[in-house]
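The following exercises are to be worked with the sequence and the coordinates at hand. Each task is followed by a solution in steps.

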Amino acid sequence: MTEVTRRAFFVVGGAAALGTTALLGGCMSSGDIPLSATDAAALRLRSVDVDVEPLVARGLTPWATLVRSTMKPELNRLFAPRLTPGDKRADRVVARVDSVFLTSWAGGGGDDSWFGSTGSDSDYMEGYALVISPDGAERARYHILLALPASSAGAWYLPDIDNRRVMGLSRVFARWVRDMVIGR
């Protein structure tokens with residue numbers, strides 16, 4: 001096994017972070033409909049909501065409930081400066097969650113490579129950030145595919161580990177919704 005020094009770890013990690021930001025920072029899905037920078041800066045919201053109907057339709061009602069109950073307060077906190085609940089002319093943001101995938105193994109990649117080999121120890125959440133106008137028209141749409149290490153929620157043997165994993169995905173997804181809609 002190759003020994004990695006702390007300095008090498010930070011140099012490679014920093015370069016990877018900068019490269020990823022530079023390379024992927026402006027990438028959008030082909031189906032994305034972005035707000036202009038001016039519209040995003042001026043965005044005022046009547047409400048934020050979480051649509052988990054795709055999860056319910058797949059028979060994942062308990063996870064749908066957990067996603068909604070975790071993500072909604074996080075979205076309210078993240079968008080608080082832009083919320084104007086009494087303004088009927090303000091838009092709405094909807095975070096739609098289409099799928100949640102929890103890997104069956106949360107104990108690591110199982111090999112000696114530095115980054116792991118398959119990414120099979122990641123949990124995923126996929127959906128969209130939508131900006132809906134007062135007349136119900138879709139003003140903006142951003143596809144979000146989130147992957148987190150399954151181990152980020154804690155030890156695999158905790159009795160509530162699956163709930164922790166779904167809650168972690170939900171909180172990070174909410175941050176991506178904010179970042180995609182109004183920027184960082």
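Accessible areas come from the Shrake-Rupley method with a 1.4 Å probe. The model is predicted, and the solutions below apply to that model.

**Exercise 1. Surface and burial**

Task: State the accessible surface of the protein chain and the part of it that belongs to carbon and sulfur atoms; then state what percentage of the residues count as buried.

Solution. 
Step 1. The accessible surface of the protein chain comes to about 10900 Å².
Step 2. Carbon and sulfur atoms account for 57% of that surface.
Step 3. A residue is buried under 20% relative accessible area. Of the 184 residues in the protein chain, 34% count as buried.

**Exercise 2. Elements and sheet order**

Task: Determine how many helices and strands the protein chain has, and in which order the strands form the sheet.

Solution. 
Step 1. The secondary structure comprises 5 helices and 4 strands. Read from the N terminus, the elements run α-α-β-α-α-β-β-β-α.
Step 2. The 4 strands form an open sheet in the order β1-β2-β3-β4, and the pairing is mixed.
Step 3. At the edges are β1 (45–51) and β4 (138–149), each of which pairs on one side only. From one strand to the next, the twist averages 15 degrees.
Step 4. Strands of a sheet pair through backbone hydrogen bonds, either parallel or antiparallel. For β1 and β2 the sense is parallel, over 6 bridges. Within this part of the sheet, S47 has R92 in β2 as its bridge partner.

**Exercise 3. Helices on the sheet**

Task: Which strands does helix α4 lie across, and which does helix α5 touch?

Solution. 
Step 1. Helix α4 (residues 61–78) lies across β1, β2 and β3 and runs at about 155 degrees to β1.
Step 2. Helix α5 (residues 161–182) packs on the sheet and touches β2, β3 and β4. Its direction makes about 140 degrees with that of β4.
Step 3. At 0% relative accessibility, L169 counts as buried. Beyond four places in sequence, L169 touches V100, L102, D123, Y124, M125, L146 and L148. Its C-alpha atom is separated by 10.0 Å from that of F101, 68 residues apart along the chain.
Step 4. L78 lies in helix α4 and is buried, with a relative accessible area of 10%. Apart from neighbours within four places in sequence, L78 is in contact with A174, R175 and R178. L78 and D179 are 101 residues apart in sequence, while their C-alpha atoms are 9.6 Å apart in space.

**Exercise 4. A residue of strand β2**

Task: Is D91 buried or exposed, and which residues does D91 touch?

Solution. 
Step 1. D91 is found in strand β2.
Step 2. With a relative accessible area of 7%, D91 is buried.
Step 3. Residues up to four places away in sequence are set aside. The contacts of D91 are then L43, R44, L45, R46, S47, V131, I132, S133, P134 and R139.
Step 4. For the protein chain as a whole, consider contacts between residues at least 6 apart in sequence: 74% of them join residues at least 24 apart.

**Exercise 5. Aromatic pairs and a charge over a ring**

Task: Determine how many aromatic pairs there are, and which residue lies over the face of Y128.

Solution. 
Step 1. Rings pair if their centres lie within 6.5 Å; planes under 30 degrees apart count as stacked, over 60 as edge-to-face and the rest as tilted. By this rule there are 2 aromatic pairs.
Step 2. F101 and Y124 lie 6.1 Å centre to centre with 40 degrees between the planes, so this pair is tilted. F101 belongs to strand β2 (residues 91–101) and Y124 to strand β3 (residues 122–132), so the pair ties together parts that are 23 residues apart in sequence. F101 is partly exposed, at 46% relative accessible area, and Y124 is partly exposed as well, at 30%.
Step 3. W156 and Y157 form an edge-to-face pair, 5.5 Å centre to centre with 85 degrees between the planes. W156 is exposed, with a relative accessible area of 56%, and Y157 counts as exposed at 59%.
Step 4. R141 lies over the face of Y128, at 4.8 Å from the ring centre.

How values were computed
Residues numbered from 1 in each chain as written. Predicted model: local features only at pLDDT ≥ 70, side-chain atom pairs only at ≥ 80, totals over all residues. Heavy atoms only, no water. Phe/Tyr/Trp six-rings, centres within 6.5 Å; stacked < 30°, edge-to-face > 60°. Helix = DSSP H or I, 4+ residues; strand = E, 2+ residues; numbered from the N terminus. Buried < 20%, exposed > 50% of the residue type's maximum accessible area, 1.4 Å probe, protein only. Lys NZ or Arg CZ within 6 Å of the ring centre and 35° of its normal. Contact = heavy atoms within 4.5 Å. Pairing = 2+ DSSP bridges. Axes fitted to C-alpha atoms, helices over the stretch in contact; angles between N-to-C directions.
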